[in-house]
Amino acid sequence: MDSFLIEGGVPLKGTISVSGSKNAALPIIMAAIAVDGDVTYTNVPDLRDVKTTIKLLNILGRESAFENGAVTVKNGEMSIEAPYDLVKTMRASVLCLGPLLARKREAKVSLPGGCAIGARPVDQHLAALEKMGAKFDLEHGYIHGRCPEGLKGAHIRFDFPTVGGTENVLMAACLAEGETVLENVAREPEIVDLANFLNACGAQIEGQGSTVIRVQGVERLHGCEYSVMPDRIEAGTFLIAAGVTGGELLLKNCPIGDMSAVVDKLRSAGMVIEETDEGVLARCGENGLKAVKVNTRPHPGFPTDMQAQFMVLMCCAEGGSLMEENIFENRFMHVQELVRMGADIHVTGSSAMVSGGAKLMGAPVMASDLRAGAALVLAGLAAEGETRVQRIYHVDRGYEHLVEKLSAAGAKIRRIKEED
Ligand code: UD1
């Protein structure tokens, strides 16, 4: 398995361009299932999860390809089964359920099962689709959904704002008969991007970005060309890279308008973040970094996908920081690895107390999930000496050309291939 070898302690300096958003690209490409026409996507990041999504579309019978940051999906007949071998490698595969039911009136999708950062069930997705007339059976590890009469518009209130649940049901509602009202939906910018894509294909969606979304079902969605939004989590990770290395980075294509919670916390922690004509400029303020309290919440709150990286910033700050994880259980697996690098962190239930100021030291460490892996890379960049981050296939799921981007800003990081 490949690993990253990092020689830490170099202040990063330079310009980094933010890639297209993984979490927007996956549902938006999956939404092609609901589209009766050819679709072209641009600004798509070159990531493993994107390739897996394309593979899934090809398995379903929609000829799809990735080339130079663009994905094309051709129109064509579709089958209904998302097999276990694929779904087990990417939980977001479950997002084909809604559009398949809407278009084919039947779907067989392997149950995603648990993953490293918690149980992550899909009960909210299924309950909402049932309200729209779908019936589900669990057969040999597969969710088998049927709606022979087609989906019907319904009034649905989610128990809590699930991102995937909102996306799955939104895609289904576009082709349902009549109006669907979705309450207590997730408000993440990636959901707004998905709704904008669907509207560009002829859907009638209103309210995306607020807590209530209204959808008037249409007969068919037509093809279009669509550019995926930039990745706010990748951008946030680079802002922190500037902070923990005491460097200065200029981020191009940084979606700062969607990053208020993170940017506010970074500023409170002592970073200077400036919007300029060239992009977003980030550096540590003159008084250094100081501890702040962080609670992860659904958007517009502080994103759980930035918790691990922000913890590294807090390791480098002065004072004690209380970090609470409210979205996923079991999302502190980076803590033990950071402690091995010299961090002082104590976890009690869903809270972590980070005592900042301890010098980080390079060490061999292991990524347990995507954002945990990103946090270990940040810690490696900040630490004295050499860090080897193993199991970086997790990091490859969400960061396009990470080594190249960081190296261009002066980082001493390289990928060690398995055979080396
Ligand atoms: C998406 C993001 C992920 C991010 C998360 C929260 C993608 C591909 N992934 O994941 O990076 O960390 O949003 O911002 O966009 N839950 C249930 N029942 C359900 C659905 C969810 O109990 O039917 C629970 C989950 O176990 C979890 C929480 O709700 O504890 C949040 O899940 P959700 O918002 O659905 O996240 P994902 O769509 O899986």
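The chain of this predicted model is assigned two domains: domain 1 covers 2-19 + 230-417, and domain 2 covers 22-227. Taken over C-alpha atoms, the centres of domain 1 and domain 2 are 30 Å apart. Their contact draws 25 residues from domain 1 and 19 residues from domain 2.

Let me turn to the interface itself. The size of an interface is often given as the accessible area lost when the parts come together. Here, domain 1 and domain 2 bury about 1,800 Å² between them, and carbon and sulfur atoms contribute 52% of that area.

What polar links cross this boundary? There are seven residue pairs in polar contact between domain 1 and domain 2, with both residues at pLDDT 80 or more. On the side of domain 1 that touches domain 2, the helices α12 (370-382) and α13 (393-396) each provide at least two residues. By class, the residues on that side of domain 1 are eight nonpolar, six polar and eleven charged.

Side chains of opposite charge can pair when their charged atoms come close. Between domain 1 and domain 2, two salt bridges are counted. Asp 49 is paired with Arg 397 in a salt bridge, where the closest N and O atoms are 3.1 Å apart.

Asp 49 has a further partner. Its side chain also meets that of Lys 22 in a salt bridge, at 3.8 Å from N to O. Lys 22 belongs to helix α1 (residues 22-30) and Asp 49 to helix α2 (residues 48-60), so this pair ties together parts that are 27 residues apart in sequence. The overall count of salt bridges is 19.

Across the whole structure, a search finds three aromatic pairs. For Tyr 41 and Phe 197, the ring centres are 5.3 Å apart and the planes stand at 40°, so the pair is classed as tilted. Why does this pair link separate parts of the sequence? Tyr 41 sits in strand β3 (residues 39-42) and Phe 197 in helix α7 (residues 189-200), so the pair ties together parts that are 156 residues apart in sequence.

Most residues other than glycine have a negative phi, and most peptide bonds are trans. Which peptide bond is cis, with omega of about 15°? The bond in question joins His 299 and Pro 300. Pro 300 is placed in the loop between β18 (294-295) and α10 (307-315).

Asn 68 occurs in the loop between β4 (64-67) and β5 (70-73).

Terms used: Residues numbered from 1 in each chain as written. Predicted model: local features only at pLDDT ≥ 70, side-chain atom pairs only at ≥ 80, totals over all residues. Heavy atoms only, no water. Domains from an automatic or database assignment. Contact = heavy atoms within 4.5 Å. Buried area = accessible area lost by both parts, 1.4 Å probe. Salt bridge = Lys/Arg side-chain N within 4 Å of Asp/Glu carboxyl O. Polar contact = N/O pair within 3.5 Å; in protein donor to acceptor, adjacent residues only side chain to side chain. Helix = DSSP H or I, 4+ residues; strand = E, 2+ residues; numbered from the N terminus. Nonpolar A, V, L, I, M, F, W, Y, C, P; charged D, E, K, R; others polar. Phe/Tyr/Trp six-rings, centres within 6.5 Å; stacked < 30°, edge-to-face > 60°.
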